[in-house]
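These are my notebook entries on a structure that I looked through element by element. The sequence and the model come first, and my entries follow.

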Amino acid sequence: MLNKNALKTLLIVVPLVTLAACKSGPTDAELEAEANSQAEAAAQQVADAKAVADAETKRVDVAKADALQKAKDMFENEKATLVAQNVVYFDFDQASVKSDFHSVLDMHAAFLVKNAGQSIVVEGHCDNRGTPEYNIALGERRAQSVETYLMNAGVSSSQVSVVSYGEEKPAVQGGSEYAFAQNRRGIVVYQ
Amino acid sequence: MTTWIFKFSSKQVTIAAVVALLFFNFQLKAATNEIIITGGIESARPIGVVPFKYLGNTILAENLSEVVASDLQRSGKFNPLKLSLMPQFPTTDTEINYAAWAQKGIDMVLVGSVESTGLNQFLVTFELVDVLRAQATGGQAKTLVNGKLVMTRDHVIEKRTKTINGSDFRQYAHIISDIVYEKLTGQRGAFLTRIAYIKVLDRDTNLKPFRLVIADYDNINPTTLLSSPEPLMSPTWSPDGNTLAYVSFENKRSQIYLQDIYTTSRTRLTDFPGINGAPRFSPDGKKLAMVLSKDGNPEIYIMDLQTRNLTRVTRNRAIDTEPSWTPDGKSLIFTSERGGKPQIYQVNLVTNRKSRLTFEGEMNLGGAVTPDNSQLVIVNRTRGDYHIAKQDLKNGDMLVLTSTYLDESPSISPNGSMIIYSVLENGKPALAWVSLDGRFSFKETVADGEVKSPSWSPFLL
């Protein structure tokens, strides 16, 4: 064991010896070589770091793209689901949204709130009883009540527009009760 | 081209064709639409429309007297005697055996001839003969003229001779019908008029199924003015008969257009947010009443066609629609839900005072006033059935005129004698006609599509 004083002495002497050695030290060539090797090492280090960073960026990009694709797929899937159930039906000469259709409209609303860039047109349609002009007015009222429902559920007014086709575009031809019921409808059309 | 087939006499038509062939060389045409008389033939006045004799070798494109007989029949006021029942086929008054016709219960006989006078030129002569008067005078009446007794043939009510082009046969036949009709009823005939309507072809197989069509009043010579992938609605005539206003959804929303029927050039008149609908020209043609919902719900407006300035007529949270001008142009008739259900109201455009006109039935819609300002024609809903009805504007009496299914879009002929409207026939909208007295009606069955929103033109000559 060295005592405390001996350690102190060593701490002072060793650097001095080293310093002395340097003074009598390396040649210019040796110094150049030393510098070169140090630079090479540094460059290698930078290159290594860059490779790592690049790999990381790539990994993140891929992950991002994956996530984006996933989100897009989800959006399209969700949209497809909604497009497949985009019709609500009305009672004769009525324009209020029946409670049967609240849940489906809530789904549309949730989707539209989540996707503020998505816009829709609500079409209002009627059966062919009454006059074409009156039915245009009634169809607009139906489309507007769907619009109001969606807006009350948080959808921005800038996402929704309405158009009434009255009795001009029946889903089912003819004068049967079945045809009437199928034709009194509102349709949420994704743009 | 179309051959009209009358349901009540399909056998007679065959006989008629054979008889007619003895007098004419005429072409038989494929039947594309069929007409069914739904009632009222017994109340019409019998008349003898004798086939006009053809003096020539060429083939005639149209059969004049056949068109005249069809016109008179369609007016509901006349019941032309079937060819098979005619006692003889005279060409001029002098050839008529008055007693033989009187015996058949016929008091009026139309006779005539067509003579080929040159390349595509024909001399048409016709005489309208009062058989009973002729019987009374023996065909020779004595009248005092300038203090002297002269012989007259006053039983010949009308005699005319005119040279026409081969292409004008149908038009001239309508002119003859107008003359006969006016001479015998005192009312101007409306046979030389047109109709506009919307035709819808199969939407699954046609890229542009919606058609704006104009045709002669009897739906002969249809011409398509416009084909569209989206709905067309509400065609209506300008008072000069040159322009149609209508609604088009070609841009995926309703817009009102004006279209010249001769040049077919068109202009977009309105593009407001919401409904742009139900256009109707004022009687002077300077304004257009319309329905706009730009302020939230359907309201009646009047647009000055020169300045394009809008005047708002109604202000109500209920639906207001279907404006229609009274003949004097001082009021509008319109449909409003302000009382709960749609009923007909009138607004005085000077005082802006509004009054309710209809009270009978669950709903009344699509009102229009007859040219003589005496009747309101409406679509009436009673116990769930939609029929064309009229209401006397003086005493308020309402009379249902039709018994067809889902009647709508009534349009009155310019002489006020007939109403054309839309019915559901075999599940498809089709055209139907009813006389204003409700006694005579017929409908058309169309093979190749739906026909709706008919609009009768004003007088065109």
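**Entry 1: the domains of chain B.** I looked up how chain B is divided, and its assignment gives domain 1 (7-185) and domain 2 (194-456). Such bounds come from an automatic or database domain assignment. The centres of domain 1 of chain B and domain 2 of chain B, taken over C-alpha atoms, are separated by 36 Å.

I note the conventions here: residues are numbered from 1 along each chain as its sequence is written, while chains are lettered from A and ligands numbered from 1 in the order in which they are written. The model is predicted, so local features need pLDDT of at least 70 and side-chain atom pairs count only at pLDDT 80 or more, whereas totals for chains, interfaces and linings use all residues.

**Entry 2: helix α5 of chain B.** I checked the length of helix α5 (residues 169-185) of chain B: at 1.5 Å a residue its 17 residues should span 24 Å, and its end C-alpha atoms are 24 Å apart, which agrees. The expected span is 1.5 Å times one less than the number of residues. Helices (H or I, at least four residues) and strands (E, at least two) are DSSP runs, numbered from the N terminus.

Which residues of α5(B) are buried? I found B:Y172, B:A173, B:H174, B:I175, B:I176, B:S177, B:D178, B:V180, B:Y181 and B:L184. A residue is buried if 20 or more other C-beta atoms lie within 10 Å of its own, exposed if 12 or fewer, and partly exposed in between, with C-beta atoms placed from the backbone. The cover over the buried residues of α5(B) includes α2 (64-74), β5 (108-118), β6 (121-130) and β9 (156-165) of chain B. After α5(B) comes B:G186, with a positive phi near 80°.

**Entry 3: an open sheet in chain B.** I traced four strands in the order β12-β11-β10-β33 (chain B), which form an open sheet with antiparallel pairing. Two strands pair if DSSP finds at least two bridges between them.

Strand β10 (residues 194-200) of chain B is joined to β33(B) by five bridges, and the two run antiparallel. I located B:W456 of β33(B) as the bridge partner of B:I195.

**Entry 4: strand β30 of chain B.** I counted the buried residues of strand β30 (residues 418-425) of chain B: eight of the eight are buried, so the strand is largely enclosed by the rest of the structure. B:M418, B:I420, B:S422 and B:L424 point one way from β30(B), while B:I419, B:Y421, B:V423 and B:E425 point the other way.

I then followed the partners of β30(B). It pairs with β29(B) in the antiparallel sense over three bridges, where B:E408 has B:S422 as its bridge partner. Five residues lie between the strands of this hairpin, and in it B:G416 takes a positive phi near 75°. β30(B) is also joined by eight bridges to strand β31 (residues 428-435) of chain B, again antiparallel. Here B:Y421 stands opposite B:A432. The hairpin of β30(B) and β31(B) has two residues between the strands, and B:N426 takes a positive phi near 55°.

**Entry 5: chain A.** I listed five helices and four strands in chain A, in the pattern α-α-β-α-β-α-β-α-β along the sequence. Of its 191 residues, 26% count as buried. Chain A is divided into domain 1 (27-84) and domain 2 (88-190). The C-alpha centres of these two domains of chain A lie 50 Å apart.

Note on methods. Contact = placed C-beta atoms within 7 Å.
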